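Here is a short report for a first look at this model.

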Amino acid sequence: MQNRLEVKVSRVIALIDANNFYASCERVFDPRLVGRPVVVLSNNDGCVIARSAEAKELGIGMGEPFFKVRDLVKEQNVVVRSSNYELYGDMSSRLMDVLEQFSPDSEVYSIDEAFLELEKSAPGELRKLGAEIRDRVRRQTGLPVSVGIAETKTLAKVANHLAKRSRRAESVLNLVESSYLDLALERTPIEEVWGVGRRQSARLRSYGILTALQFRAADDDWVRRKMTVTGLRTVHELRQIRCLELGQSHAHQHSIIVSRSFGEAVWSIEELRAAISHFTTRGAEKLRKRRLAAAALSIFARTGRYKFQPSGQAGRSGQAAEPFSGSVTVDLGLATDSTLELMQAAQQAVSAIYQPGIGYRKAGIILTGLAPSDNAPLRLWDTARYEHERELMSRIDAINARHGQDTVRCGIFQSEGRWLARLDQRSNRFTTRWPEVMTLR
């Protein structure tokens, strides 16, 4: 078994994570929800995708189909909101803007999480800095956050996990040179360790490794054999040896998926083109934001449980023997992050996949073959046009970031249609739509 290593570091990592992010965004603009159980539903109000702490205490599970908890929701007076991704995305941007005030070295890890690299100082000073981050985010955005500080990203995740659950910590926990580090690792179940997946945690438990503390003490050769170099990297991070710098994660992102169930069935190729164009635009934006380029684009479209003929055609009252599902993949030749190039490929794929007389209930795109856009192969032809498109995309992204999503968009798709999700209980988009801005009377 390995002995614990003492490592000298000059900079430390803070992980800031918004608490119950979607529910907290709803509460910012409706203070009446504070203290009440709140759930947020997926597209078409199908499943629970976010819960306030009060809703969790009622036993409402993540991913629970809404119809299964409808009676409990009514009985316990739970507030229900449809997903409001435009609001959540804007609130995420505001959160990240505040965090950048504390360090120029940051990594946005998810919509509600970010890592910051901070100068190392006395443990008490780091604790005060964490509290200042917590308080400034609350003042400037209204969002509650938890702050975990440690020598490595994995330990910062541990600190943040415990900060959320400890009243004594008051949402801030610093594990740098802390005498409580071993206790913190002992209280962290192995499945809560960042970088340990579900299958890996089950395997480790079968070997008697139940906590992060036990995993830290595991033999290096044994860990490498059982979990490859990725698992060994996690063990070293638990030993305060930094292996993951900002911008690095445990696994390379292999694909980007943008999909949605439709509010109503889509019958015409024009409607399907509009939906796929919308998804392609969102996927291209994600590529550019993450500085990636895609080498292939796939689209898929599916019916519901049964496929029917549209109104006025024979067979509408009957049902098909099998639901329809189709997909098409387009090899882009050269990796790209251009909305225009991706859109052209997507529209070719729509023509190949569409079948008249079928009511599609869900569609989406998958971008694969991802690689850093800066390393994309140079083009022998049309280099000037491609660079012009990249500059154009950059300008459009900047305009949309400032003035709201789809302020500038490709004219091929409409901003509204039957393919839009049903969001009957969505709150106002307070920060991105002038007609929905909060007003005082």
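An axis here is a line fitted to C-alpha atoms, for a helix over the stretch in contact, and angles run from 0 to 180 degrees between N-to-C directions. The model is predicted. Two packed helices are described by the angle between their axes and the distance between the axes.

**Helix α4 and its partners**

Start with helix α4, residues 85–99, and helix α5, residues 123–141. Their axes come within 10 Å and cross at roughly 135°. The crossing of α4 and α5 is right-handed. On the α4 side, the contact is made by M91, R94, L95, V98 and L99. On the α5 side, I133, R136, V137, Q140 and T141 take part. By class, the α4–α5 contact has six nonpolar, two polar and two charged residues.

Helix α4 also packs with α1, at an angle of about 90° and with the axes 10 Å apart. That makes α1 roughly perpendicular to α4. From α1 come F21, Y22, C25, E26 and V28. They meet Y85, L87, Y88, M91 and S92 in α4. The residues of this contact divide into eight nonpolar, one polar and one charged. M91 of α4 is named in the contact with α5 and in the contact with α1.

**Helix α6 and helix α10**

Helix α10 covers residues 220–238. It packs with α6 at an angle of about 65°, and the axes are 7 Å apart. That makes α6 roughly perpendicular to α10, since 65 to 115 degrees counts as roughly perpendicular. The crossing of α6 and α10 is right-handed. In α6, the contact residues are K153, T154, L155 and V158. In α10, they are T234, E237 and L238. By class, this contact has three nonpolar, two polar and two charged residues.

| Helix pair | Angle | Axis distance |
|---|---|---|
| α4 and α5 | roughly 135° | within 10 Å |
| α1 and α4 | about 90° | 10 Å |
| α6 and α10 | about 65° | 7 Å |

**The second largest pocket**

The second largest pocket has a volume of about 1400 Å³. It is lined by 47 residues. The closest to its centre are A18, N19, N20, K56 and K164. Several elements give two or more residues to the lining. The strands are β1 (11–18), β3 (48–51), β5 (106–110) and β7 (145–150). The helices are α1 (21–28), α2 (53–57) and α6 (153–165). Which element gives the largest share of the lining? It is α6, with seven residues. So α6 both lines this pocket and packs with α10, if the angle class of that pair is recalled: roughly perpendicular.

**Two positive phi angles**

N77 is not a glycine, although its phi is positive, at about 55°. N77 sits in the loop between α3 (66–75) and β4 (79–82). Q240, also a residue other than glycine, has a positive phi near 70°. Its place is the loop between α10 and β9 (255–266).

Definitions and conventions:
Residues are numbered from 1 along each chain as its sequence is written. This is a predicted model: local features need pLDDT of at least 70, side-chain atom pairs count only at pLDDT 80 or more; totals for chains, interfaces and linings use all residues. Side-chain values use heavy atoms; hydrogens and water are left out. Helices (H or I, at least four residues) and strands (E, at least two) are DSSP runs, numbered from the N terminus. A crossing is left-handed if the near helix is turned anticlockwise from the far one by less than a right angle, and right-handed if clockwise. Contact means heavy atoms within 4.5 Å. Ala, Val, Leu, Ile, Met, Phe, Trp, Tyr, Cys and Pro count as nonpolar, Asp, Glu, Lys and Arg as charged, and the others, Gly among them, as polar. On a 1 Å grid over the protein atoms alone, a cavity is a set of points where a 1.4 Å probe fits but cannot get out, and a pocket is an open set with protein on both sides within 12 Å along at least five of seven lines; lining residues have an atom within 4 Å of a point. Grid points are joined across faces, edges and corners, and a volume is the space filled by probe spheres set on the points. Angles under 35 degrees count as roughly parallel, over 145 as roughly antiparallel, 65 to 115 as roughly perpendicular and the rest as oblique.
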